[in-house]
Amino acid sequence: HKISGRYTFEDISWMYDITFELINHDSLNKVYLLGGFTSDFKKRLILADIPEEKIIESTDLQKVKQTIKKDKVKVCYGMINYDYLDTFASVFKEDEK
């Protein structure tokens, strides 16, 4: 199973090609991690000196949505595997109906 034209699903080396250090800024409130690689992402973000208390891990997209709403997040960026885009979009578009 491939996650892109370049990487297999099990290959997480691409996480180290991304300069996550650039998001380590005072304006960063939280990073929400979902999916099967949350622990790998967490390790990578900690290596980027992002404080662990800002990193939220979950396996439940609805719960993350509720947390984002509760925290009154105004701007939220997603880095999503392309096979999860439709699911992610449908959950976050529910309120627009």
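**View 1. Lys42 is a buried residue of helix α1.** Its relative accessible area is 18%, so Lys42 falls in the buried class (buried means under 20% relative accessible area, exposed over 50%, partly exposed in between, with a 1.4 Å probe and protein chains only). Lys42 touches Leu33, Glu52, Ile55 and Glu57 (contact means heavy atoms within 4.5 Å). That list leaves out residues up to four places away in sequence. The model is predicted: local features need pLDDT of at least 70, side-chain atom pairs count only at pLDDT 80 or more, and totals for chains, interfaces and linings use all residues. Residues are numbered from 1 along each chain as its sequence is written, and side-chain values use heavy atoms, with hydrogens and water left out.

**View 2. The whole chain, with its elements and confidence.** Three helices and two strands make up the element list (DSSP runs, H or I of at least four residues for helices and E of at least two for strands, numbered from the N terminus). Read from the N terminus on, their order is β-α-β-α-α. The chain has 97 residues, and 24% of them are buried. Among contacts with a separation of 6 or more, 65% link residues 24 or more positions apart. Mean pLDDT over the chain is 82, and 86% of the residues score at least 70 (pLDDT is the predictor's confidence in each residue, from 0 to 100). Confidence is highest in α1, at a mean of 92, and lowest in α3, at 84. Where pLDDT is low, predicted coordinates should not be read in detail.

**View 3. Helices α2 and α3 cross.** Helix α2 spans residues 61–70 and helix α3 spans residues 85–93. Their axes come within 10 Å and cross at roughly 45 degrees (axes are lines fitted to C-alpha atoms, for helices over the stretch in contact, with angles from 0 to 180 degrees between N-to-C directions). The pair is therefore oblique (under 35 degrees is roughly parallel, over 145 roughly antiparallel, 65 to 115 roughly perpendicular, and the rest oblique). The crossing is right-handed (the near helix is turned clockwise from the far one by less than a right angle).

**View 4. Side chains where α2 meets α3.** From α2 come Leu61, Gln62, Lys65 and Ile68. From α3 come Thr87, Phe88, Val91 and Phe92. The residues of this contact divide into five nonpolar, two polar and one charged (Ala, Val, Leu, Ile, Met, Phe, Trp, Tyr, Cys and Pro count as nonpolar, Asp, Glu, Lys and Arg as charged, the others, Gly among them, as polar).

**View 5. Asp49 and Lys72 have positive phi.** Asp49 is not a glycine, yet its phi is about 65 degrees. Asp49 lies in the loop between α1 (38–47) and β2 (55–58). Its relative accessible area is 58%, so Asp49 is exposed. Lys72, also a residue other than glycine, has phi near 55 degrees. Lys72 sits in the loop between α2 and α3. With 66% relative accessibility, Lys72 counts as exposed.

**View 6. Val73 in the loop between α2 and α3.** Val73 is partly exposed, at a relative accessible area of 30%. Tyr32 and Ile68 are its contacts, neighbours within four places in sequence left aside. Val73 and Asn29 stand 44 residues apart in sequence. In space, 9.0 Å separates their C-alpha atoms.

**View 7. Thr19 and Arg44, C-alpha to C-alpha.** Thr19 belongs to the segment before β1 (31–34). It counts as partly exposed, at 45% relative accessibility. Arg44 is 25 residues away from Thr19 in sequence and 10.0 Å away in space.

**View 8. Asp60 and Leu33, C-alpha to C-alpha.** Asp60 is placed in the loop between β2 and α2. Its relative accessible area of 32% makes Asp60 partly exposed.
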